[in-house]
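Look at the fold below before reading on. The report then goes through its rings, its cores and one of its helices.

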Amino acid sequence: MDIIQQAAIRKKSFELNFNGGTIWCEHLDGMGPYEDKVIAKFLEDKKSFSRPSVSSFMIVDLDKTDITEQIVTLIVDTIMQSDKPFSKIAFVGVEKHWHRKLGAVKSKGIAVSFTEDYEKAKEWLI
């Protein structure tokens with residue numbers, strides 16, 4: 001594991017104030033092939049982003065992370081089974097062949113966007 005991937009694993013997810021609203025920024029980016037670290041981080045962050053007081057707008061940044069079936073299934077299942085009402089979710093850095101599977105959360109009434117640009121994701125959300 002190189003130093004950049006180590007830093008990505010330690011990077012904290014957080015709530016961001018933006019254009020008069022708030023966005024939960026789920027940072028799973030830059031983690032390369034470390035599927036187990038991505039899953040562990042997402043499950044730990046779930047405790048925070050599932051709280052009722054946290055924004056229902058979310059960015060899930062997966063840029064420069066090797067996305068696997070297990071990661072996608074975890075994200076979709078977590079969102080679908082959550083009692084928290086999410087309004088909009090922007091996925092950043094997701095290859096096109098994953099769009100359909102991640103887009104399944106639309107069936108819960110969630111608006112979904114896919115982009116390569118983090119700034120555009122924030123603008124779309126708020």
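The sections below describe aromatic pairs, charges over rings, nonpolar cores and a helix.

## Basis of the model

This is a predicted model, in which local features need pLDDT of at least 70 and side-chain atom pairs count only at pLDDT 80 or more, while totals for chains, interfaces and linings use all residues. Residues are numbered from 1 along each chain as its sequence is written, and side-chain values use heavy atoms, with hydrogens and water left out.

## Aromatic rings

The structure holds four aromatic pairs. Rings of Phe, Tyr and Trp (its six-membered ring) pair if their centres lie within 6.5 Å; planes under 30 degrees apart count as stacked, over 60 as edge-to-face and the rest as tilted. Phe42 and Phe49 make a tilted pair, because their planes stand at 45 degrees, with the ring centres 5.4 Å apart. Phe42 is buried at 2% relative accessibility, and Phe49 is buried at 1%. (Buried means under 20% relative accessible area, exposed over 50%, and partly exposed in between, with a 1.4 Å probe and protein chains only.) Trp24, Phe42, Phe49 and Phe86 form one aromatic cluster.

Phe91 and Phe114 form a stacked pair, 5.4 Å centre to centre with 15 degrees between the planes. Phe91 lies in strand β4 (residues 88-92) and Phe114 in strand β5 (residues 111-115), so this pair ties together parts that are 23 residues apart in sequence. Helices (H or I, at least four residues) and strands (E, at least two) are DSSP runs, numbered from the N terminus. Phe91 is buried at 0% relative accessibility, whereas Phe114 is partly exposed at 24%.

## Charges over rings

The charged end of Lys84 sits over the ring of Phe86, 6.0 Å from its centre. Lys88 lies over the face of Trp124, at 4.5 Å from the ring centre. A charge sits over a ring if NZ of Lys or CZ of Arg is within 6 Å of the ring centre and within 35 degrees of the ring normal.

## Nonpolar cores

In soluble globular proteins, nonpolar side chains tend to be buried together. A nonpolar core is a set of buried Ala, Val, Leu, Ile, Met, Phe, Trp, Tyr and Cys residues joined through side-chain atoms within 4.5 Å. The largest one here has 28 residues, and those with the most contacts inside it are Val60, Leu62, Ile75, Ile89, Phe91 and Leu102. At least two residues of this core come from each of α2, β3 (57-61), α3 (69-81) and β4. With six residues, α3 gives the most to it.

Leaving out residues up to four places away in sequence, Phe91 touches Val60, Ile75, Leu102, Val112, Ser113, Phe114 and Thr115; contact means heavy atoms within 4.5 Å. A second, separate core of nine residues includes Phe18, Cys25, Val92 and Leu125.

## Helix α5

Which residues of helix α5 (residues 118-125) are buried? They are Tyr118, Ala121, Lys122 and Leu125. These residues cover an arc of only 100 degrees around the axis, which puts them on the same side of α5. The arc is that of the directions from the helix axis to the C-beta atoms. An α-helix has 3.6 residues a turn, so residues three or four places apart point the same way.

On the other side of α5, Lys120 and Glu123 are exposed. The cover over the buried residues of α5 includes β1 (14-18), β2 (21-27), β3, β4 and β5.
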